[in-house]
Amino acid sequence: MDDALAATVRRALDESDPLPGTYGFAGELPDGRIVRDVLGRGRCYYDGDAWSRDPGDLADPTLLPAGHVREDGETRRAWRLPDPPASHDDPVRSVRDALDEALDVPSDDLAVAFSGGVDSALVAAELDAPLYVVGYEGCADIEAARESAAAMGRSDDLRVHEVTLDDIEAAIPEAARAIGRTNAMDVQIALPLYLVAERVASDGFSRLALGQGADELFGGYAKVAAAPDDPRTDADTIRGARREVLETLPEQLERDTRAIRAAGVEPVTPLLHDDVVAAALELPEEWLVAGETRKRALREAARERLPDAVCDREKKAVQYGSLVAREVDRLARQAGFKRRMDDHVTKYVQSRVDDRRESTDSASGERSDP
């Protein structure tokens, strides 16, 4: 942690300020305290007095919870995510001002994960960097990326990485081991991130900018828009449902960060800057969801940077828009894991991880023989 960030974090600890103006943080302060920001945008693990950002460096790693500090062998909560009342004082302007600060990101050695929706397009609009989209032949994400890049005048910057079934099959055990999970949903989400990061790394870039966090912050999920009638949330308001979703973000970010770093690049998440988080938390419900429009405030704030067609574009989740989830299901069935089986895709992924582990152990044993 550099000196400027360490000073900001120390001040945030002294003042119990959960959003001190950073892109997130995790690591050790000069006084030996280990910290992780309130949304878990950074990650660090500890084992006794040792710590690392890579759990593989430790014998028995424990992830420091988001918003916590570890000091003298004890872990305690330092920050909680604010829950401010709704502010009706020009919500679009407040989001636009926050974006001005958040999107001021150095473009050196940087690529952008670009699926054509408003989130990734906002990031792309401010960066002089190539745009990467990944997906299976005929997928919606590649079509959307081409259309949005053309509308933005960025077609020449778009690099399409069309993956094959073999590419997906080969990446499954790598992505699953990287994230430390084998359940179908987590692996299907991690795979497109791993695949695009792998391509970015092979092209020589070390940083990958993403539009992560916008759906959670600005009301992009169907279950949030349908609150309180959607059984997938316990909240009785849209703002309450948004809060529930936000509380899952640390776990999601740990998965995504591990997948991206395993491919050899560092994730950059401008839309998760503290200023954007603070502005989003103050939005009234009608600026989160209005009729059929989700992420209303973000879309309106984006209009000074993006064409209307891009601001208004609806997007599928990455695992579906890229068709990766569909192809993983196909691979599972081809391997004999039929849909009539309980959680057949998870069982398939577990088998692939086990096969890879056995192959690695066997190869290691062969190398160690005299």
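According to an unreviewed UniProt entry, the annotation "domain: Asparagine synthetase" covers residues 95–228 and 232–337 of this chain. Keep in mind that you're looking at a predicted model.

**The annotated stretches**
- Residues 95–228 are 53% helix and 14% strand, and the C-alpha atoms at the two ends sit 25 Å apart.
- For residues 232–337, you get 58% helix and 7% strand, with 28 Å between the end C-alpha atoms.

- Look for helix 5 (residues 165–179) and helix 6 (residues 184–202): their axes are 9 Å apart and they pack at an angle of about 110 degrees.
- Angles of 65 to 115 degrees count as roughly perpendicular, so that's the label for helix 5 and helix 6.
- On the helix 5 side, the residues in contact include Ile168, Ala171, Ile172 and Ala175; on the helix 6 side, Val187, Ala190, Leu191 and Tyr194 are among them.
- The residues of this contact between helix 5 and helix 6 split into 11 nonpolar, three charged and no polar.

- In general, strands of a sheet pair through backbone hydrogen bonds, either parallel or antiparallel.
- Here you'll find an open sheet of four strands in the order 1-2-6-7, and the pairing is antiparallel.
- Strand 1 (26–28) and strand 7 (74–77) are the edges, each pairing on one side only.
- On average, neighbouring strands in this sheet are turned by 15 degrees against each other, ignoring direction.
- Strand 1 pairs with strand 2 (residues 34–36) over three bridges, in the antiparallel sense.
- Ala26 has Arg36 in strand 2 as its bridge partner.

Key:
Residues numbered from 1 in each chain as written. Predicted model: local features only at pLDDT ≥ 70, side-chain atom pairs only at ≥ 80, totals over all residues. Heavy atoms only, no water. Axes fitted to C-alpha atoms, helices over the stretch in contact; angles between N-to-C directions. Parallel < 35°, antiparallel > 145°, perpendicular 65-115°, else oblique. Contact = heavy atoms within 4.5 Å. Nonpolar A, V, L, I, M, F, W, Y, C, P; charged D, E, K, R; others polar. Pairing = 2+ DSSP bridges. UniProt positions renumbered as here; feature names shortened; annotations may be inferred.
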